[in-house]
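Trainee: I would like to learn how to read a structure like this one. Please show it to me and take the features in turn.

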Amino acid sequence: MTEPVVVGVDGSASSLEAVAWAAKEAALRNAPLHLVHAALRWAYDVPLVPQPAHWGPAAEAACRQLLRQATERAHAVASAVRVTAEIVDGAPAEAIAAVAETAQLVVVGSRGRGGFAGLLLGSVSRDLAARPPCPVVVAGRSGAGSGTEIVVGVSGHPDQEPVLRFAFEEAALRRLPLRAVHAWTRPALRGPGDMQPLVYDVEGVGREEARLLAESLAGRRERFPDVSFGEHVVHEHPAKALADLSATAELIVVGAPGPGAIFGSTTHSLLHHTRAPVAVIPHPAARTRRTASPA
């Protein structure tokens, strides 16, 4: 059975936009779409005094209505996609991550129903993007995702293979060109103990960074002959470079930090300032740790 595309639903405008994006993505992948609404529920047969008032038949009905509305939205944009829905117990980020163990992709809105109106990134999307259980797409901004290219941030590190593969596959699915972006602010350190030079030749370093990008993309034309792609090297902070391109991007693809690292500053800043959906791809070591069986 094809793994589903999972989307978190909370009834907000952002989550409904995410549902529409996820439905189109499921259609492209010929995959089922699974809607998930997370709720903190109490078992009716547990005697508690005072009895919690936040869950009951009315709350259950309201959650079902949210899922029906989301299902209608999904069918409106991708009528052929098979849609299922469920209510799961727990805090949203943890509950969605648990469902994602059997998903090929998770989609969430950029903002939820709670929090401050001025914030552009909700806690659920932030938490899932910081530790993605599988590729996580943060969508949900109205009008986003109607660009003319796929953009991928390339660090040049050897652990970026899953990021590049996802970006090329998305470009092939959507029949769009791919722009590979490598942004730098200081010369790369060549080994342990290296120190950043106080003065350096910007043009010379730029040529070295362009060579690093070309090496990262070596062999892609043969593996993805139908994808047209270009290389873009810029002397700028990666988050700003990617955010500047988001106005014309259908999707931006970046990698998550490795295990034990704090939420990457580039990804965090990009999620706050992007105008396009952002796909965050798990670090290979993180996925290995999750799938490894006990000794």
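Predicted model: local features only at pLDDT ≥ 70, side-chain atom pairs only at ≥ 80, totals over all residues.

Trainee: Where does Asn30 lie?

Mentor: Asn30 sits in the loop that runs between helix H1 (13-29) and strand E2 (33-39). Its phi is positive, about 55 degrees, although Asn30 is not a glycine. That backbone angle comes just after H1.

Trainee: Is Asn30 buried or exposed?

Mentor: Buried means under 20% relative accessible area, exposed over 50%, and partly exposed in between (1.4 Å probe, protein chains only). Asn30 has 67% relative accessibility, so it counts as exposed.

Trainee: Which loop holds Arg175, and what is its phi?

Mentor: Arg175 is placed in the loop between helix H5 (161-174) and strand E7 (178-184). Arg175 has a positive phi of about 55 degrees and is not a glycine. Its relative accessibility is 80%, so Arg175 counts as exposed.

Trainee: How many residues of H1 are buried?

Mentor: In H1, 12 of the 17 residues are buried, so the helix is largely enclosed by the rest of the structure. Among them are Leu16, Val19, Trp21, Glu25 and Arg29.

Trainee: What do Glu25 and Arg29 form?

Mentor: Side chains of opposite charge can pair when their charged atoms come close. The rule used here for a salt bridge is a side-chain nitrogen of Lys or Arg within 4 Å of a carboxyl oxygen of Asp or Glu. Glu25 and Arg29 meet in a salt bridge, at 2.7 Å from N to O. Both Glu25 and Arg29 are buried.

Trainee: Why are Glu25 and Arg29 separated by about one helical turn?

Mentor: An α-helix has 3.6 residues a turn, so residues three or four places apart point the same way. Glu25 and Arg29 are 4 residues apart in helix H1, so about one helical turn separates them. They also belong to a network of salt bridges that links Glu25, Arg29, Glu170, Arg174 and Glu250.

Trainee: How many salt bridges are there by this rule?

Mentor: The count comes to 15 salt bridges. One of them joins the side chains of Arg64 and Glu60, at 3.1 Å from N to O. These two residues lie in helix H2 (residues 57-77), 4 residues apart, about one turn of the helix. Arg64 is partly exposed, with a relative accessible area of 36%.

Trainee: How far apart are Glu208 and Arg211?

Mentor: Their closest N and O atoms are 2.3 Å apart, and Glu208 forms a salt bridge with Arg211. Glu208 is partly exposed at 36% relative accessible area, and Arg211 is partly exposed at 42%.

Trainee: Which residues have the most contacts inside the largest nonpolar core?

Mentor: In soluble globular proteins, nonpolar side chains tend to be buried together. A nonpolar core here is a set of buried Ala, Val, Leu, Ile, Met, Phe, Trp, Tyr and Cys residues joined through side-chain atoms within 4.5 Å. The largest has 47 residues, and those with the most contacts inside it are Leu33, Leu35, Val107, Val152, Leu178 and Val253. H1 gives the most to this core, with 7 residues. A second, separate core of 35 residues includes Val36, Val151, Val181 and Ile252.

Trainee: What is Leu35 in contact with?

Mentor: Contact means heavy atoms within 4.5 Å. Leaving aside neighbours within four places in sequence, the contacts of Leu35 include Val7, Val9, Val19, Leu67 and Val83.

Methods: Residues numbered from 1 in each chain as written. Heavy atoms only, no water.
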